[in-house]
Amino acid sequence: MSAACSHSRILPSRQVRSSTAPTSSIPTHTLPVVAASAPIKSLDELAKINDKSLIQSQAYVDGRWVSASSGKTFDVTDPGTMQKIGSVADMDADDVRRAIDAASRAFESWKNTTAKERSLILRRWFDLIISNKDDLARLMTLEGGNHWPKLVYGASFIEWFGEEAKRAYGDVVPSPLSSTRMVVLKQPVGVVGIITPYNFPNAMITRKVGAALAAGCTVVVRPAHETPYSALALCELAERAGVPRGVFNVVPCSAENTPDVGKELTTNEAIRKVSFTGSTAVGKMLTAQAAGTMKRVSMELGGNAPFIVFADADLDVAAEQLVACKFRNSGQTCVCANRIYVHESVYDDFVSRFAVLVEKRLRIGHGVSEGVNFGPLITERGLQKIEDQLKRAVDAGARVFLGGKRPDISAAGYFFEPTILVDVTDEVPMSCEETFGPLCPVFKFSSEEEVIRRANSVPVGLAGYFFSRDIGRVFRVAEALEVGMVGANTGIISTEVAPFGGVKESGFGREGSRYGIDEYMNIKYINISL
Ligand code: SIN
């Protein structure tokens with residue numbers, strides 16, 4: 001048994017064996033994906049941004065653009081060309097302390113604004129993001145390899161929480177005594193430290209900052225070092241929308257400064273809440289650091305989503321949804337399908353339909369090119385991880401059905417073909433590791449009970465998907481999956497109106513939806529004696 005897949009040890013051996021049966025009847029495909037791009041010069045593409053004030057390379061602290069006190073900067077690279085697009089202020093822990101001080105001062109007045117005032121400011125911010133969406137999407141593409149409509153998704157959280165600000169109701173509790181009255185208030189928790197990843201350079205910020213500002217909190221945000229420009233452009237628009245100085249601070253930093261900056265944000269006494277999206281390993285470390293001062297914590301961590309196709313599923317719908325779910329953002333989302341389980345009676349049929357759709361729907365290339373919807377991974381490291389997982393899968397007996405290599409296209413970025421693996425066993429690392437890339441391993445199963453056990457056999461539980469036309473099964477499986485979010489007969493679940501978050505080692509807290517604002521509010525109970 002592979003050490004990487006220790007979870008398989010909890011499965012009865014009969015079920016492990018059933019997944020290992022080779023699928024010899026499906027012919028292996030060679031890759032079909034079209035290269036859509038001509039050579040691209042990243043700086044020329046950057047120059048096409050109309051409003052140049054959206055391209056900021058300093059940090060935004062206390063309503064001002066500031067350099068790092070050390071004077072240091074770090075480089076940002078276009079993952080679609082590997083060309084440098086600029087250098088950004090490299091803030092350190094001392095700089096971050098100054099940002100936290102600014103946020104603490106601003107909190108004293110922001111917490112006393114009315115919900116309606118905050119709502120109007122957030123609405124103006126949303127409108128400005130939408131009216132600048134082409135420039136912002138181009139900027140995001142150049143730093144993050146955008147290849148899916150992420151910009152509008154990000155904006156939707158500002159709109160949503162602007163509306164929710166006015167609905168953060170408290171309660172009046174019926175008192176057990178005729179001589180007292182009991183009231184429950186919701187109050188902003190205070191200054192929030194926010195740490196976000198590269199994969200959604202604006203949405204992972206707006207999902208947290210929208211809720212925090214709506215609640216009356218102020219924030220200090222450390223964006224991913226790969227994608228600081230989108231965060232800084234949001235500052236420019238926030239200022240225009242009337243967000244007061246010190247309420248929204250952004251402190252970019254290099255990979256080298258990230259541990260110190262993370263430590264400051266999780267240990268500084270003035271920070272009362274930490275919200276993080278990223279890996280489970282880093283989430284555990286940040287949670288431990290935050291425990292020293294008993295901060296409230298929201299952790300949106302890694303996933304390893306099962307995607308189950310039962311024999312009674314509509315196979316065309318399931319295949320279409322798998323393309324959307326698995327290859328959204330080139331596989332770089334924590335809710336991506338990671339382990340595809342297909343009933344043995346429809347396995348060959350499903351894989352063939354899925355491969356045809358992958359060829360038909362996806363176009364690899366640089367995100368600025370017309371028609372491209374499948375961009376690069378973020379770094380060479382991301383690519384190498386995929387190649388390593390693929391090699392270990394093939395070593396364990398899996399077979400490449402589609403894709404499987406860096407594509408031969410004119411763009412020089414970190415591209416990897418959408419890849420389908422068949423004959424995959426529970427021995428391969430992907431059965432228990434998050435992939436975060438375009439590898440799609442397809443396992444076989446024989447019964448509902450077996451597949452639920454295998455789906456739940458990992459320590460994380462963020463999203464899970466399944467396809468079935470049996471209404472009884474839909475409820476049974478949705479309830480049995482140990483995850484925070486379920487897609488039944490759909491592969492796309494993300495929206496600002498629904499609660500996003502996981503269980504087990506995928507973390508805790510919910511983002512978006514009417515629940516999201518509660519993460520940034522304390523409950524206070526007042527007992528009034530008449
Ligand atoms: C993530 O990958 O962390 C977020 C994905 C989403 O919001 O859909």
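This text goes through a predicted model, starting at the ligand and moving on to a sheet and its helices.

Take the ligand. Several side chains place polar atoms by ligand oxygen. For Arg 328, an N or O atom of the side chain is 2.8 Å from an oxygen atom of the ligand. For Asn 199, the corresponding distance is 2.9 Å. Glu 300 has a polar side-chain atom 3.2 Å from a ligand oxygen. How much of the ligand's accessible area does the protein cover? The protein covers 99% of the 260 Å² that the ligand has on its own.

Now the sheet. It is open, with seven strands in the order β16-β17-β18-β14-β13-β20-β21 and mixed pairing. Strands β16 (399-402) and β21 (485-488) stand at the edges. Each has a single partner strand, so one side of each is left without a neighbour in the sheet. From one strand to the next, the twist averages 25 degrees.

Strand β20 (residues 463-467) pairs with β21 in the parallel sense, over four bridges. Here Tyr 465 stands opposite Gly 487 of β21.

Two helices come next. Helix α11 (residues 315-327) lies across β13 (305-309), β14 (337-343), β17 (419-422), β18 (439-445) and β20. It runs at about 165 degrees to β13. Helix α14 (residues 448-455) also packs on the sheet, where it touches β13, β14 and β18. The direction of α14 makes about 145 degrees with that of β18.

Definitions and conventions
Residues numbered from 1 in each chain as written. Predicted model: local features only at pLDDT ≥ 70, side-chain atom pairs only at ≥ 80, totals over all residues. Heavy atoms only, no water. Polar contact = N/O pair within 3.5 Å; in protein donor to acceptor, adjacent residues only side chain to side chain. Areas by Shrake-Rupley, 256 points an atom, 1.4 Å probe, with all protein chains shown as cover. Pairing = 2+ DSSP bridges. Axes fitted to C-alpha atoms, helices over the stretch in contact; angles between N-to-C directions. Contact = heavy atoms within 4.5 Å.
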